[in-house]
Amino acid sequence: MSPKAPRDDFSDADIEVTEPKDYAAGLGGVFHSMEPAVKTLGLAKTAKLMTKINHKDGFDCMSCAWPDPEHRKIAEFCENGGKAVTWEATPVTVPRSFWEEHSLTSLEDKTEYWLGMQGRITEPVYKPADSDHYEPVSWDRAFDIAAGHLNALDHADEASFYTSGRASNEAAFIYQLFARVLGTNNLPDCSNMCHESTGTAMTYTVGIGKSTIAYNDFLESDLIIIMGQNPGTNHPRMLTALEEAKENGASVVAVNPLPEAGLLGYKDPQKVRGYVGKPLQIADQFLKIRSGGDAALLQAVSKRVMEAERRAPGTVLDHEFISEYCDGFEEFAEHIVHVDDAAVERATGLSAAEIDEFAERYMRAGRVIICWAMGITQHRRSVDTIKEIINLLLLRGNIGRPGAGASPIRGHSNVQGDRTMGVWEQMPDSFLDALGKEFSFDPPREHGVDAVHGIRALDEGKIKVWFGLGGNLLGAISDTNLAESAMRKTRLSVQLSTKLNRSHVITGEEALILPVLGRTEVDVQLSGPQYVTVEDTVCAVHASHGQVPPISEHVRSEIAIVAGIAHATLGNRHGIDWLAMIDDYDVIRDHISRVVPGCADYNEKTRRKDGFLLPNGPRDERRFDTATGKARMTVNGLEHVECPPGRLILQTIRSHDQFNTTIYSLNDRYRGIKKGRSVIFVHPDDLAELGLADGQTVDIFSEWKDQPDRVLRGFRTVAFPTARGCAAAYFPEANVLVPLDSTALESNTPVSKAVVVRLEASHTPVGVGRPVTV
């Protein structure tokens, strides 16, 4: 008998607030990682999994995409990686009786936390059009339902194939192949909502939308700049790399509206001083920037670099690099000297002295890395901000040499690999040509929908069938109410998942949930045990081998499910043998080797113990595959978020016990929150100016153009040392406040880090309000 899931008996009314932490990890990190693992999995299973996670003969962590060092420790995982393993490998399963006892209507009021805590899904279930319940079905029946809907479409563009970053390279490759053989490029993915701005800006400026550094570059750098990123929660193993970098003489500058624990201090749990000594100071300088002011800060630093060069010609800029490898310098130099210092201070909330110190640190450093994440990419002008990151790096030749470069930090384990494998609605013709040649068909060329456009197309009735390969689109996307209303208009929604989430509750007329193997589990097919591959945030590709038996004999691998539906839908169209790909994943990798750039001999390379690095023009040879053949310096306007009096700029954030939309617990110990999530973090002086008190219950109204306000009711204010004029609340709860059409220029990424809100005293008890549009 499966262990029972907990009841939904918590209440946000019991929220406890204490002082936030000023360091990450340490003994607390060990306890909060291992205590639930041993309690849930048992000592033997915990030891087997935790000593294999991120090892060369083990499995890749299903959490973040932080790269692995060359020499691995016994415990090569972080606190949140341990939680992710525990979450996936739990023995708790959803019993067959669950589907009879719970209607979809009754599940609508359940939280993401409650849904996930019900355990692993162990058999396919189907919701008929005339029913409010799922019911178990066979795999053959599930495939027939999916194939029937797809074959009944008037056009393939009436289907959309969404992907999360948990899918393996092999699954992603055959998923995009299936969509394109069917006839559509509707391949939205989670990148659309996170690093799409990065890909847009970097492809334009340096010719590749990926990190231009390798792992060891962190250890050779003089200065590491961390912008809009919270490594202590979102990729904690980065703290070890920062510790090693600082031991080698590097300095760190952190730029963030919130003083996150992992940006302040670190106690390495694998060293004695991590328990008995003082925390290692991470940030040598912390710039508590106003949300949305990063581009202005970068322009101000570049201006100071140019002024220093003018005062001492030939001593500051890397003229040889600029002359040989860059274009656009003259236009940039003419523009940057006219940046208005007063406008910079208004946009950033920083003093001239703080910016002077930052600029001096940059100019003293011979090798500089700039890292960034969602705090940079989810703004209206995020693409321009990343272009300014590239401008600053190029001025002193900080791309294409050891210890220097641009380093976007991916937040989901294989989101970068999915894109490499072709999961993108805008893949270039060169990739489509190779795909068509390999499989003897003509792939569609018209660009498909991204995540935001996909929701709009659902709402307009243009998409009739929606697939989700992992993930939780309705939990992750902006404008929750609109997105859910749009999903209900589909004829069929299909979700490949390990556990329940919001996207299983809000469905089309018909719906399927298809249970998949976890990455921790052994995958045996006709040819024997299989492995899959992933790509991390620095373009390293390596194998992942499951370690424990599957949760049930009825779950199937992502590959088996995708290929099974493709076979049921397409048969042997174009002579593609989908079943052979299920029997032996080497068949898929052989196809990858002939289609995906940089993946020749893919089977041989991925069997190497260390895997391999994908080619990277800027990193490997200072080659920039841009329209001009050079790295492009750009001219960008200076613009910041206009916030009317009495309003705040809200950003959505994760709690520490959370991975994307997966909620591990109701605690956020680094920020001092326990037993709840219905909170909004506001500077105490802003609370006073608004006539509000710490601990008061408020309603949060978002204001955007002439649209009706969106509101979250019954949130507790928490006085917090964030930047003045800024506020923060957890997603997915706060996603309802982000308008669907409020997106970044060029990349169409939701603007989740710059939502103008007003707070009003509320009579709604904390934690019981429902998000609505008023």
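1. Arg608 is partly exposed, at a relative accessible area of 40%. Its salt-bridge partner is Glu604, and the closest N and O atoms are 3.1 Å apart. Glu604 is partly exposed too, at 43% relative accessibility. Please keep in mind that this is a predicted model.

2. Side chains of opposite charge can pair when their charged atoms come close. The structure holds 57 salt bridges. A few of them are taken up below.

3. Glu79 and Arg669 pair through their side chains, with 2.7 Å from N to O.

4. Asp384 and Arg381 form another salt bridge. Here the closest N and O atoms are 2.6 Å apart. Are the two partners buried or partly exposed? Asp384 is buried, because its relative accessibility is 11% and the cut-off for buried is under 20%. Arg381 has 24% relative accessibility and counts as partly exposed.

5. Some charged residues go beyond simple pairs. Arg647, Glu703, Asp709, Arg758 and Glu760 are linked in a network of salt bridges. Arginine, glutamate and aspartate residues are all represented in this network.

6. Now the backbone. Where is the cis peptide bond? It joins Phe731 and Pro732, with omega about 10°. Pro732 is placed in the loop between strand 30 (726–730) and strand 31 (755–761).

7. Asn54 is not a glycine, yet its phi is positive, at about 65°. The residue lies in the loop between helix 2 (43–50) and helix 3. Asn54 is buried, with a relative accessible area of 3%.

8. Arg622 is another residue other than glycine with a positive phi, near 50°. Its loop runs between helix 32 (617–621) and strand 22 (631–632). Is Arg622 buried or exposed? Arg622 counts as buried, at 17% relative accessibility.

Key
Residues are numbered from 1 along each chain as its sequence is written. This is a predicted model: local features need pLDDT of at least 70, side-chain atom pairs count only at pLDDT 80 or more; totals for chains, interfaces and linings use all residues. Side-chain values use heavy atoms; hydrogens and water are left out. A salt bridge is a side-chain nitrogen of Lys or Arg within 4 Å of a carboxyl oxygen of Asp or Glu. Buried means under 20% relative accessible area, exposed over 50%, partly exposed in between (1.4 Å probe, protein chains only). Helices (H or I, at least four residues) and strands (E, at least two) are DSSP runs, numbered from the N terminus.
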